[in-house]
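Visitor: Hello! Could you walk me through this structure and tell me how each label is decided?

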Amino acid sequence: MLKPFPVIYALLVALTGVAPSFCHGAPGELPPKLKPIATCPALTTAAATNHIAMTRLDPFGATNTLRAGDSATILGTLFLKKSQAQWLLHIEAAALPASQNPVKKPPPLVVHLFDTPVTFESKPVPAKLRMLGPFPVGGGSKQIKPEDTRTRLWLNESFLGVGLDQAAAVISRRFHAGDTNSATASTNGYANVKLTTAEKRAISGAVPTLVSYFEIVQHTEGLEDLLLKLVKMPSLWSIIRHGGVDVSLHIDKEAFAGNPADWNLPANVPVYYLPCTFTLNGQAAVNITMVVTSPHPPLLICGGVIALLAERPGDNESYMTLRVISARRGPEYENQNELNNGGDK
């Protein structure tokens, strides 16, 4: 069976000429499918029983450092025709075991998207990941057995800290400020557009951030099976012609600035809608819209990706949303916050 997101091993980030997957109203408006969704009673009860936070976004920190206890809770909802299912992903930065301190520094990641390679330092940090659910919502015909799965993994603090917001800002600025009238820009992506060094680095930074973000997806047992329900598989002839299945993820040539208030963010914190297309053998398999912002704590642990919409091509009733509903700093921040407020948190 094809696993839909081994893209961290075969990741191609390209600015393509495909039609953008973002087509849900005017640019910058909150897409209807990404509006807040209430959690079903069973999931709410399970979260309370297991002490999983479902509210509160702590103030942004100034440094891109993960501390033990930093966490985020992500609400997932799968819509398949008239049936729905919900689950929670809870990811938490963990303390480094004494036996592994210090960790040997891994080599940097070198991205070759432009004429000059761009290098990104690598800093793995341990984390704990938990998935609670899925739980059926409403009158779904199929019974779902909710599960409580846990695993440990390594996140990459440096990669997550690069974020996708800067790449989205460049795309939005370049293609909404006159570059869309350029023949070379519209036919060749950024190949012939004169980008600054900083812009090239911003776009290249999408690679390490996506690599680390989808590491979370791959390590969540059961989540890949849910994602498979949305994948439009290639034909048998396509598989034969390609000698298998070629997996890639393309960033579309458009990005849109959103309203921070729609995401409970301060007015001075930028937010962007970044459409992508997940392809199999060059054909659209899943249309994705990522909602991204600055990857500072408490949103560093998810690379500043505050929501994701995945849609099955050609099927408006089959889609999935992931939305950060809580992001909190660890005990170190809590203790300092308590001291600063005279003992009242």
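Guide: Gladly. Let us begin with burial: a residue is buried at under 20% relative accessible area, exposed at over 50%, and partly exposed in between, using a 1.4 Å probe and protein chains only. Of the 345 residues of the protein chain, 52% count as buried. Please note that this is a predicted model, where local features need pLDDT of at least 70 and side-chain atom pairs count only at pLDDT 80 or more, while totals for chains, interfaces and linings use all residues. Residues are numbered from 1 along each chain as its sequence is written, and side-chain values use heavy atoms, with hydrogens and water left out.

Visitor: How many helices and strands does the protein chain have?

Guide: The protein chain has 9 helices and 12 strands. Both are DSSP runs numbered from the N terminus: helices are H or I with at least four residues, and strands are E with at least two.

Visitor: What does Gly 76 touch?

Guide: A contact means heavy atoms within 4.5 Å. Leaving out residues up to four places away in sequence, Gly 76 touches Ala 85, Gln 86, Trp 87, Thr 321 and Leu 322. Gly 76 and Thr 321 are 245 residues apart in sequence, yet 5.6 Å apart in space from C-alpha to C-alpha. Across the protein chain, residues 24 or more positions apart account for 72% of the contacts with a separation of 6 or more.

Visitor: What makes Arg 130 and Asp 148 a salt bridge?

Guide: The rule asks for a side-chain nitrogen of Lys or Arg within 4 Å of a carboxyl oxygen of Asp or Glu. For Arg 130 and Asp 148 the closest N and O atoms are 2.6 Å apart, so the pair meets the rule. Arg 130 lies in strand E5 (residues 124-137) and Asp 148 in strand E6 (residues 147-156), so the pair ties together parts that are 18 residues apart in sequence. Arg 130 is buried at 13% relative accessible area, while Asp 148, at 34%, counts as partly exposed.

Visitor: Which other salt bridge does Asp 148 form?

Guide: Asp 148 also forms one with Arg 150, the closest N and O atoms being 3.5 Å apart. Arg 150 counts as exposed, at 60% relative accessibility.

Visitor: What about Arg 173 and Glu 199?

Guide: Their closest N and O atoms are 3.1 Å apart, and they form a salt bridge. Arg 173 lies in helix H3 (residues 165-175) and Glu 199 in helix H5 (residues 197-204), so this pair ties together parts that are 26 residues apart in sequence. Arg 173 is partly exposed at 43%, and Glu 199 is buried at 8%. As for networks, salt bridges that share partners join Arg 130, Asp 148 and Arg 150 into one. A search of the whole structure finds 8 salt bridges.

Visitor: Why is the pair Phe 79 and Tyr 319 called stacked?

Guide: Rings of Phe, Tyr and Trp (its six-membered ring) pair if their centres lie within 6.5 Å; planes under 30 degrees apart count as stacked, over 60 as edge-to-face and the rest as tilted. The rings of Phe 79 and Tyr 319 have their centres 4.4 Å apart and their planes at 15°, so the pair is stacked. Phe 79 is in strand E1 (residues 71-80) and Tyr 319 in strand E12 (residues 318-328), 240 residues apart. Phe 79 is buried at 11% relative accessible area, and Tyr 319 is buried at 13%.

Visitor: How do you know that the buried residues of H1 line one face?

Guide: In helix H1 (residues 41-49), Leu 43, Ala 46 and Ala 47 are buried. Seen down the axis of H1, the buried residues fall within an arc of 100°, so they line one face of the helix. That arc is taken from the directions from the helix axis to the C-beta atoms. On the other side of H1, Pro 41, Ala 48 and Thr 49 are exposed.
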